[in-house]
Each structure stands twice: as structure tokens, then as C-alpha cells.
Amino acid sequence: MSALAKIKTSGQNTEEIRLAKDINLIYDFTEKPNRTQLKAKSDRAVVAKLRADLVLPNNKILTVDIDFDSTSGYHNNTMLIMDDFGVEMLVTAFAVKYGQSFADKITKAWAEKKHQDDPRKPTYLLVQKPIRDGDVPKIFVACGDKIHDNDNKTPQSIV
């Protein structure tokens, strides 16, 4: 199959596009109203939500909905980092732009469990662009915690 092979899913209003042998996009063309606070750019869509099925070390699946909607309508989500190479690229960029101390915080957060009794290291990092010029982007470590407790305080950025 070519790098951009299209497969029409029979009987549904969907289309699958293969970007690479391990990246498939499945588009659902069913029209839905925008019930988010997010606004598209005049020449670009914005991501409102992603659904991820995570394969856990025990070979079970954990489904996580990543919702980028906010009451402010400000869409400042920039990157989702999911592997060592992505972290290496992010760390390199931070070292150059913000300094080695910030880069080291990212490396440490990726390499270690957040709490000693957590079952695993983080699965991904979420990066948000700074609200003001001169600020450092916020980086959130996600999905390594043992218990996802709604009573916990709002997660804090690692930098």
C-alpha cells in the first residue's frame, strides 16, 4: 500500500488513510455540532479531543480521552510526546531555548516514576505553549500514576 493509501470503510461515513506502515488515520465524516469553547483558525482546524488506547505493562488496555477544551476557549496545547526520541527532541529544544536546567527536569520526569509506588513511568508528556512571551512552556507528565484520583490537586507543570 502507498504511504497515502485510502481505504473506504464499507457502509460507514468513514475513510482510512495510511500515513506509514504504523500510522493509520480513520476519519469519521459524520457532521457534529461544535459544543466546545474552541475556535478553529481561518485556515486550520484545532484539536479538541484525542482518544488513546494505552497498552499497559500487564497487557491490558486503558482508554484515555484527552480533552483540550477549556472554558476560556484558549487553545494553547502544542505537543504530545510519546517516546524516548520525542523526549530527546524536546529536551534538546529546551536546552537551547530555555537552558539546561529546564531540559534536565524533562529528562528526569520521563526517566522516573512520579511516585515510588506508581506502577510505571509516564506514558506521555503534554506541552503547552507559554501564555506570555518570555515564559517557559508548561509540561505535564501523564499516565504513570497508580490511582487517578479526582480529589488530588490540579496537576502541576514539571518546569
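**View 1. Secondary structure of the predicted model.** Two helices and eight strands make up the secondary structure of the protein, and the model is a predicted one. In sequence order, the elements run β-β-β-β-β-β-α-α-β-β. Of the contacts between residues at least 6 apart in sequence, 38% join residues at least 24 apart.

**View 2. Surface and interior.** The protein has 159 residues, and 24% of them are buried.

**View 3. The largest nonpolar core.** This core has 11 residues: Ile-81, Val-87, Leu-90, Val-91, Phe-94, Ala-103, Ile-106, Trp-110, Leu-125, Val-127 and Ile-139. At least two residues come from each of helix H1 (84–97), helix H2 (100–111) and strand S7 (124–128). H1 contributes four residues, the most to this core.

**View 4. Surroundings of Phe-94.** Phe-94 belongs to the largest nonpolar core. With neighbours within four places in sequence left aside, the contacts of Phe-94 include Ala-103, Ile-106 and Ile-139, which are also members of that core. Phe-94 is in contact with Gly-99, Phe-102, Val-136, Pro-137 and Val-159 as well.

View 5. Which residues belong to the second core of the protein? Among them are Leu-54, Val-64, Phe-68 and Tyr-124.

Notes: Residues are numbered from 1 along each chain as its sequence is written. This is a predicted model: local features need pLDDT of at least 70, side-chain atom pairs count only at pLDDT 80 or more; totals for chains, interfaces and linings use all residues. Side-chain values use heavy atoms; hydrogens and water are left out. Buried means under 20% relative accessible area, exposed over 50%, partly exposed in between (1.4 Å probe, protein chains only). Contact means heavy atoms within 4.5 Å. A nonpolar core is a set of buried Ala, Val, Leu, Ile, Met, Phe, Trp, Tyr and Cys residues joined through side-chain atoms within 4.5 Å.
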